[in-house]
Amino acid sequence: MAGTLYVVATPIGNLQDISLRALEILGSVDLIAAEDTRHTGRLLKRHGLSTRMISYHDHNEIARSAELVRELVSGRQIALVSDAGTPTISDPGYRLVRAAAEAGVTVAPIPGPAAALAALSVSGLPTDRFLFEGFLPRRKGRQSRLAELAGFSGTVIIYEAPGRVPATLRDLLDAFGNRRAALCRELTKLHETVLRGTLDELRAAVEAKSLKGECVLLIAKEGLD
Ligand code: SAM
């Protein structure tokens with residue numbers, strides 16, 4: 001009988017944000033496919049687990065997927081984890097999920113943190129309709145993508161790398177106008193900060209006091225007072 005591929009969410013900062021079920025699965029599978037085995041090794045060690053790991057990342061995704069699907073078909077149980085949050089969400093993994101499902105393997109989610117939803121939940125912006133953009137294109141197609149996003153009638157959620165937030169806020173201001181927005185930084189970590197205001201207020205705040213760390217930007221639909 002074929003094994004199961006578990007897609008396991010791990011913390012986005014605070015190591016206590018791991019579910020009991022995630023720990024049970026990570027401790028009982030035959031193999032963990034991890035984006036960075038050293039990073040995941042620290043999480044396993046903290047919880048007294050020593051499951052075998054194999055790397056699975058952007059650069060070996062295609063070859064590794066075929067290998068892992070063979071293991072799954074032969075009956076092995078495998079957990080997929082990324083460095084932070086939910087695998088496949090702005091992280092590698094969907095190719096493995098698709099290949100496993102096509103091979104008739106059961107794919108089961110072990111849900112938990114995702115920075116986008118954690119940020120949305122504290123943003124104070126409407127949550128009834130939202131669009132998850134992930135990372136914006138850095139150069140080619142950036143302006144046209146921003147223009148498309150500005151037309152969406154709901155909250156837009158963007159991931160941004162540390163250091164690029166001021167420039168992205170300026171681009172958002174140009175494309176969206178001065179809408180209501182939120183900047184969620186270092187969620188669940190020591191320096192967790194949530195700034196709420198207009199895009200121009202957020203721009204001024206980050207330019208006055210260089211804010212470092214992982215960030216999620218959220219922009220409300222047009223016309224929200
Ligand atoms: N798979 C992850 C998830 O479920 O959210 C996302 C991985 S993506 C490579 C990393 C980006 O997620 C960061 O650049 C940042 O935009 C966002 N992120 C991750 N952890 C965060 C945190 N603790 N606080 C704010 N943003 C975070």
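**Around the ligand**

I began with the strands: E7 (155–160) and E10 (215–219) each give at least two residues to the shell around the ligand. Strands here are DSSP runs of at least two residues, numbered from the N terminus. I noted that this is a predicted model, where local features need pLDDT of at least 70, side-chain atom pairs count only at pLDDT 80 or more, and totals for chains, interfaces and linings use all residues. Residues are numbered from 1 along each chain as its sequence is written, and side-chain values use heavy atoms, with hydrogens and water left out.

Next I asked which residues come nearest to the ligand. Of the 19 around it, they are Asp91, Ala115, Tyr159, Leu187 and Cys215 (near means a heavy atom within 4 Å).

Then I looked up polar contacts (pairs of N or O atoms within 3.5 Å). A polar side-chain atom of Tyr159 is 2.6 Å from a ligand oxygen, and a backbone N or O atom of Glu160 is 3.3 Å from an oxygen atom of the ligand. For Ile89, a polar backbone atom lies 2.9 Å from a ligand nitrogen. On its own the ligand has 580 Å² of accessible area, and the protein covers 92% of that (Shrake-Rupley method, 1.4 Å probe).

Last, I checked the domains. Domain 1 (4–110) and domain 2 (115–219) both give residues to the shell, so the ligand lies between them; the bounds come from an automatic or database domain assignment.

Terms used: A polar contact is a pair of N or O atoms within 3.5 Å; within protein, one must be able to donate a hydrogen and the other to accept it, and residues adjacent in sequence count only if both atoms are side-chain atoms. Helices (H or I, at least four residues) and strands (E, at least two) are DSSP runs, numbered from the N terminus.
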